[in-house]
Amino acid sequence: MDSSEHGSSVLSTGVASGGTLPPGLTEEEAEEIQVELTKVEDEIQTLRQVLVAKERHAAELKRRLGISPLSEIKQNFTKGWHEVQCSNAYLTASATFEEIGRSDAYKRTQETLSQAGHVTSAAFSSVGSAIRNQFGEMSSNFSMPHSLSMPAMRNSPSFKSFEDKVENMKYKVMGRSNGESDHSPTSNNAPF
């Protein structure tokens with residue numbers, strides 16, 4: 001099949017799908033355009049194949065030079081950051097921030113916030129000292145020698161109730177052993 005036969009077969013399928021030629025276009029012109037389109041599409045396919053081959057070759061050369069994808073990303077990032085720093089927008093923004101930093105309003109605001117921080121810190125410190133003093137006074141008023149406080153605590157109703165509940169829980173977890181009966185000795189007191 002020569003190029004004219006190839007072009008006419010393509011034209012016939014292209015024109016057949018629409019049924020008619022576009023307005024102002026002769027059949028001869030449509031054939032020429034179709035042949036040119038076929039050539040351009042073939043060139044595109046060839047260029048894609050060449051590009052893939054070139055990319056493989058470049059990857060092989062980078063591998064031989066010891067350039068890893070990570071180092072490439074790092075290099076691209078560094079280059080991109082340098083370009084950002086050299087851009088007009090970045091330079092303008094930096095100059096604006098420098099001007100703001102030198103302004104009287106900024107300096108006054110900074111001083112005010114610094115003073116507020118010192119006042120707040122002092123307030124928290126004095127509140128902490130007051131609480132610490134209160135606890136110190138409370139502990140000195142209510143301190144008992146250990147030998148006196150433990151027997152008194154063990155005889156209290158709250159401690160007895162707690163002790164019964166712990167014994168009942170122990171019984172339920174451990175189960176019957178050593179010939180104990182079906183009911184624990186404190187089961188009537190325990191809500192578990």
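**Patches and helices: a chat**

Guide: Hi! Helix α3 gives the largest share of the nonpolar patch, 3 residues. This is a predicted model, where local features need pLDDT of at least 70 and side-chain atom pairs count only at pLDDT 80 or more, while totals for chains, interfaces and linings use all residues. Residues are numbered from 1 along each chain as its sequence is written, and side-chain values use heavy atoms, leaving out hydrogens and water.

Visitor: Which residues form that nonpolar patch on the surface?

Guide: Phe77, Trp81, Val84, Tyr90 and Leu91, with about 510 Å² of accessible area together (Shrake-Rupley, 1.4 Å probe, with only the protein chains shown as cover). The elements giving two or more residues are α3 (69-86) and α4 (88-102). Patch residues have over 30% relative accessible area and no salt bridge, with nonpolar side chains joined within 5 Å and like charges within 9 Å. A salt bridge puts a side-chain nitrogen of Lys or Arg within 4 Å of a carboxyl oxygen of Asp or Glu. Helices are DSSP runs of H or I, at least four residues, numbered from the N terminus.

Visitor: Why does leucine 91 count as partly exposed?

Guide: Because its relative accessibility is 46%; buried means under 20%, exposed over 50%, and partly exposed in between.

Visitor: New topic: which residues of α2 are buried?

Guide: Ala30, Gln34 and Thr38.

Visitor: And where does glycine 66 sit?

Guide: Just after α2, with a positive phi of about 85 degrees.

Visitor: Which residues gather in the patch of negative charge?

Guide: Glu27, Glu28, Glu29, Glu32 and Glu36, with Asp and Glu counted as negative and the charge of Glu placed at CD. Glutamate 27 lies in helix α2.

Definitions and conventions
Buried means under 20% relative accessible area, exposed over 50%, partly exposed in between (1.4 Å probe, protein chains only).
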